[in-house]
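Here is a short briefing for a first look. Keep the sequence and the model side by side as you read.

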Amino acid sequence: MPKPPKAQAGTLTVDIHEMNAADAKKYLERLLAGCSPDIREVEVIHGYRGGSALMEVVRSGVRSKRIARRCVTMNPGVTVYFLKEVKK
């Protein structure tokens, strides 16, 4: 089970280190589908030293209409999703 997401100023941070790739994909897709319209960025901490399965799922396997673009950060263990604006 991942740590609870943390929200701050339009950014949601989730840590999925302890999940397997299939569970992480389902979790992130559900999270994005139910994400508040106020959230504009989702920072996903997936790690990179334990293998690349989580990183690959986060960077290319997760599907959501809310994702406008994905950003690979200077930290190889983190990927940021920039979300499309949702009309309230």
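A nonpolar core is a set of buried Ala, Val, Leu, Ile, Met, Phe, Trp, Tyr and Cys residues joined through side-chain atoms within 4.5 Å. The model shown here is predicted. Its largest nonpolar core has 20 residues.

**The core**

- Val14, Ile16, Leu28, Val42, Val44, Tyr81 and Leu83 touch the most other members of the largest nonpolar core.
- At least two residues of this core come from each of strand 2 (11–15), helix 1, strand 3, helix 2 and strand 5.
- Helix 1 gives the most, with five residues.
- Valine 44 has contacts beyond its neighbours within four places in sequence: Val14, Ile16, Leu28, Val58, Gly77, Val78, Thr79 and Tyr81.

**Strand 5 and its partners**

- Strand 5 spans residues 78–83, and five of its six residues are buried.
- Strand 3 (residues 41–45) runs antiparallel to strand 5, and five bridges join them.
- Valine 44 has threonine 79, in strand 5, as its bridge partner.
- Strand 4 (residues 67–72) also pairs with strand 5 in the antiparallel sense, over five bridges.
- Here valine 72 stands opposite threonine 79.
- Strands 4 and 5 form a hairpin, with five residues between them.

**Glycine 77, in the loop**

- Glycine 77 sits in the loop between strand 4 and strand 5.
- Glycine 77 counts as buried because its relative accessibility is 4%, and the cut-off for buried is under 20%.
- Its contacts, leaving aside neighbours within four places in sequence, are Val44, Ile45, His46, Gly47 and Tyr48.
- Glycine 77 and arginine 66 are eleven residues apart in sequence, yet 22 Å apart in space, C-alpha to C-alpha.

**The salt bridge**

- Side chains of opposite charge can pair when their charged atoms come close.
- How many salt bridges does the model have? The count comes to one.
- The side chains of lysine 25 and glutamate 29 form it, at 2.8 Å from N to O.
- Both residues lie in helix 1 (residues 21–33), four residues apart, about one turn of the helix.
- Glutamate 29 counts as partly exposed because its relative accessibility is 22%.
- Lysine 25 is partly exposed too, at 30%.
- Lysine 25 also touches Val57, Gly61 and Val62, not counting residues up to four places away in sequence.
- Lysine 25 and valine 58 are 33 residues apart in sequence, but 7.2 Å apart in space, C-alpha to C-alpha.

**Arginine 66, a buried charge**

- Where is arginine 66 found? It is in the loop between helix 2 (53–61) and strand 4.
- Arginine 66 is buried, yet has no salt bridge.
- Aspartate 38 is the nearest side chain of opposite charge, 8.5 Å away.
- A polar atom of the arginine 66 side chain does lie 3.0 Å from the backbone oxygen of isoleucine 39.
- Leaving aside neighbours within four places in sequence, arginine 66 is in contact with Leu32, Cys35, Ser36, Pro37, Ile39, Phe82, Leu83, Lys84 and Val86.

Technical notes: Residues numbered from 1 in each chain as written. Predicted model: local features only at pLDDT ≥ 70, side-chain atom pairs only at ≥ 80, totals over all residues. Heavy atoms only, no water. Salt bridge = Lys/Arg side-chain N within 4 Å of Asp/Glu carboxyl O. Buried < 20%, exposed > 50% of the residue type's maximum accessible area, 1.4 Å probe, protein only. Pairing = 2+ DSSP bridges. Lys, Arg positive; Asp, Glu negative; His and termini not counted. Polar contact = N/O pair within 3.5 Å; in protein donor to acceptor, adjacent residues only side chain to side chain. Contact = heavy atoms within 4.5 Å.
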